[in-house]
Amino acid sequence: MSDIIGYGYPTEGPAERQEEYNRIMKEVTEKATESYHKNGPLVHNWSLEMQVAIERIREELDFMLPHNPLLNESNFDAHMLDRAFQKMRSLESDISSKGGQYRKRFWKVENEAIVSSADPVFDHLVQEDRDLIGKSTPRELFTEIVASQEFLDSQKENGIDEETALSIKPLHSDEIIIVWYHGGGFYLECPGTNRSAALDISKETGYRLFLPDYRYMPVHPFPTPIYDGLTFFRYLVEAGFKPGNIIIAGDSAGGNLCLTIMQNLKKLNLSQPRAAILFSPWCDLSFTSDSWKRNVDFDFIPVPHFDRVTCDCRMYVAPGKKYDEKVREMLNHPLVSPLHGDYDGCAPMYIQSGEVELLVDDIDALAKKLGAKEVFIQGKDHPGIEPNQRVVYEKYAGMVHIFFLFDIPDEKYAAIKGVGNYVRSL
């Protein structure tokens, strides 16, 4: 079976595989460099460094992700795939020299008050947690807490030491925090992937950022990640944070989580968060918009192939099942593709997209549905937030999916400043 799935990471497996990876990366770098000097940038505002980085990441993902045609419905093994994805779930950013700190804090689902169901799809998950609580063996998850050194120093002046400042409890009765749900298609990446960008946002806003873990598909498919994300929000409220002081944020699949969390809070008649910040939100899993074809030469994320059993959408809604009409129907469920959700009465939203990302048409459609006008941004400067806007939508020139992870382009810095401008406008 391991031969079908592959090792899943360049540094795993035999020396021949590592040599192949090094050869591919060398060829990709040389080819991208030659093309840049000969034909100019692939996108008008890309530097050589940006163009090389995009090409390398695209090839790395293709190299690491399992897509062997021998893997099909008959030999699909969710737990084996889960092990194959483990290395790509531990891609963490290093902030040791960036002027901030983080801690991993564990929390338990031990209070029945935070596990009620907003929709029948969650009933079995609620019952599982209630059974575990009844046996005094509640589930345990974790969150990373990230804060800038400036924030930590200011707390020290108030008599709060670093361990307390990086704890999971409110530091005062009216503290505002940002809860950032990571992306990765519900099966890749981890809280630590966004650690560096979270530190940038902590410096910009002066807030602590909480980066929660959640369970991954294919072992834990839809709606488990949504349920875990919602449960963490409710845990924070029970811990003393005011819902109106919690800003939720998410990139890609994490943006999907934010949108579905707001839908569920509405159904449960619970208070909405202060706002939602959506970075390149994955809001339509049907992949029918034109940008999935138009931008394929620019973005680095893989285009889904519904004929493959490892297609992320299939694994999310129906792991190991045939791609049939029932699955296609599920992809339009508002809790799967939140583009189809109802957001009347939900929190204000701040949405960012990249001009050449594969998801941009879907994000455009979400912004249009929410009544937001598009603001186009190029360069390092952010224009500020116009007053009295419930939904803000910004599109960044020449940028790809989740471009905030790249330190190279000027637009990344405008986007971080935009987050600061937005939260200060609330």
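## Terms and source

A residue counts as buried at under 20% relative accessible area, as exposed at over 50%, and as partly exposed in between, with a 1.4 Å probe and protein chains only. This is a predicted model, in which local features need pLDDT of at least 70 and side-chain atom pairs count only at pLDDT 80 or more, while totals for chains, interfaces and linings use all residues. Residues are numbered from 1 along each chain as its sequence is written, and side-chain values use heavy atoms, with hydrogens and water left out.

## Helix α5

In α5, the residues Leu125, Val126, Asp129 and Ile133 are buried. They cover an arc of only 100 degrees around the axis (taken from the directions from the helix axis to the C-beta atoms), which puts them on the same side of α5. The buried residues of α5 pack against α9 (224-238), where contact means heavy atoms within 4.5 Å. Helices are DSSP runs of H or I with at least four residues, numbered from the N terminus.

## Aromatic pairs

Rings of Phe, Tyr and Trp (its six-membered ring) pair if their centres lie within 6.5 Å, and planes under 30 degrees apart count as stacked, over 60 as edge-to-face and the rest as tilted. A search of the whole structure finds 22 aromatic pairs. One of them is the stacked pair of Phe232 and Tyr235, with 6.5 Å centre to centre and 15 degrees between the planes. Both residues lie in helix α9, 3 residues apart, about one turn of the helix, and both Phe232 and Tyr235 are buried.

Note on methods
Helices (H or I, at least four residues) and strands (E, at least two) are DSSP runs, numbered from the N terminus.
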